[in-house]
Amino acid sequence: MKAAFLTLGCKVNFYETEKIIEQFRQFGFEIVDFKEKADVYVVNTCTVTNMADRKSRQMIRRAKKLNPESFVVAAGCYVESGGDAMKEDPVIDAAFSNKEKMDIARQVVHRLGMVQRTTATEQMGKMFSRERTRAYLKIQDGCNQFCSYCIIPYVRGKGKLVSMPQEEVVSQVGKLAAEGYKEVVLTGIHLSSYGVDESDARGFVRQKGEPLLSVIRKAARTDGIRRIRLGSLEPRIISEEFLEKLIQVPEICPHFHLSLQSGCDTVLKRMNRHYTSVEYREKVEMIRRYFDKPAITTDVIVGFPGETEYEFEQTRAFLQEIKLADIHVFKYSPRSGTRAAAMTGQVSPELKNKRSDVLIADTETYRRRYGENFLGKMESVLFEETVVENGKTYLSGHTGRYVKVGVLTQEAQEKGYLENEIYDIQVQNILSK
């Protein structure tokens, strides 16, 4: 039988999908592209915005259109937020919450009446398919920050924090290294909370950073692993002590996705974020004292309830001041069940679009300027794939700072550059995302 998969949303979802794919392989399924006719379709959904909800519904229906006789599975965050409506949807043959994801393959096999295999090979499997050169390892789940706009704490464990044991992380990284991966990205729903199970009087995680540092150091010692990259971090985990120890890990990539959401303090307060713009700036400056030209990237939400033109311009000015390498811009989308959805002063879609367009245009400038810092410089590049840009063909890859660069294929062939290998090159071409 054939199974096809489609993933929406965060890196954690992509990691989980790959684990599910391997389970289906172990049950004898042939894995095909989502665009092909399959017997089983699995859509790993996202619910972070209304647009994500809409996309999830579209992909579920597209699967059924591709093969009306197929068994369609919806999984993940949109299943959590959709509740009974998802299970009652006639297009969906089975719906699985986040905590049920790792049981999808077994359940589908059972419901289709297939014979389950119980050989030892079921216990083995790759984290990612061979064509990938970068592996994502989810080491933490759950979030108890309860930002006023976010539904994720409610659909990812109801605020409960869960961390993969350090010995298991090391074991999984070892398996990835044995598969030939040079770079591992450690991810989580709230990665800064890895290994922390205590909270302060207000219920907020005590962010000392030592548990995460400890697992980073252990993972980095794995033979064959050349790079450890971190997923999204909360600003509060950044400290002198954290950076002093982190810089001693040569495998760590100088790339920090430091969550911001707004550069205006009044908006941050309404969002229930637990820092100010001044504190965020201090963290950025601190990172830059320890790492040379670090790539600091972030997320920003425009059109949050009550956001005035003045507040938006404060955010824009703040971003211009701190000069980040890249920004992911999101338009606020009300999520039922969150405090922000009930706030007054909801911003019109037209104004959200306008503000989003402004920040996206600014971001293109920031990204280009950051990349130009490395033209003519020697950088280590993990080559990944062949791409065509502006009519030219390149062997492309990313530096440790996640700048995408390319070498013309003829030159790459002459120098013997291979995919999934790291080389020191003189950067001549910065490629688009």
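This is a predicted model: local features need pLDDT of at least 70, side-chain atom pairs count only at pLDDT 80 or more; totals for chains, interfaces and linings use all residues.
**Entry: aromatic pairs**

I went through the aromatic pairs, of which the structure holds 12. Phe34 is buried because its relative accessible area is 8%, and the cut-off for buried is under 20%.

I then turned to Tyr149 and Phe304, which form an edge-to-face pair with 6.2 Å centre to centre and 85° between the planes. This pair links distant parts of the chain, since Tyr149 sits in the loop between strand S6 (134-141) and helix H6 (152-155) while Phe304 sits in the loop between S11 and H12, 155 residues apart. I noted that Tyr149 is buried, and so is Phe304. I also recorded a cluster in which ring pairs link Phe5, Phe24 and Phe29.

**Entry: salt bridges**

I next looked up the salt bridges and found that the structure holds 26. One of them joins Glu234 to Arg273, with the closest N and O atoms 3.2 Å apart. Glu234 belongs to the loop between strand S9 (227-230) and helix H9 (240-246), and Arg273 to the loop between helix H10 (265-271) and H11, so the pair ties together parts that are 39 residues apart in sequence. Both Glu234 and Arg273 are buried.

Glu307 and Arg355 meet through their side chains in a salt bridge of 2.9 Å, N to O. Here, too, distant parts of the chain are linked: Glu307 is in the loop between strand S11 (295-302) and helix H12 (309-322), and Arg355 is in helix H13 (residues 349-372), 48 residues apart. I found Glu307 and Arg355 both buried. I also traced one network, in which salt bridges that share partners join Arg134, Glu183, Arg227, Arg229 and Glu384.

For Asp292 and Lys293, I noted a salt bridge whose closest N and O atoms are 3.8 Å apart. Asp292 counts as exposed at 52% relative accessibility, whereas Lys293 is partly exposed, with a relative accessible area of 36%.

**Entry: negative patch**

Finally I examined the surface, where Asp265, Glu279, Glu282 and Glu285 gather in a patch of negative charge. Helix H11 (residues 277-290) supplies the largest share of this patch, 3 residues. Glu279 lies in helix H11 and is partly exposed, with a relative accessible area of 35%.

Methods: Residues are numbered from 1 along each chain as its sequence is written. Side-chain values use heavy atoms; hydrogens and water are left out. Patches are made of residues with over 30% relative accessible area and no salt bridge: like charges are joined within 9 Å, nonpolar side chains (Val, Leu, Ile, Met, Phe, Trp, Tyr) within 5 Å. Accessible areas come from the Shrake-Rupley method with a 1.4 Å probe; for residues, only the protein chains shown count as cover. A salt bridge is a side-chain nitrogen of Lys or Arg within 4 Å of a carboxyl oxygen of Asp or Glu. Lys and Arg count as positive and Asp and Glu as negative; His and the chain ends are not counted. The place of a charge is taken as NZ of Lys, CZ of Arg, CG of Asp or CD of Glu. Helices (H or I, at least four residues) and strands (E, at least two) are DSSP runs, numbered from the N terminus. Buried means under 20% relative accessible area, exposed over 50%, partly exposed in between (1.4 Å probe, protein chains only). Rings of Phe, Tyr and Trp (its six-membered ring) pair if their centres lie within 6.5 Å; planes under 30 degrees apart count as stacked, over 60 as edge-to-face and the rest as tilted.
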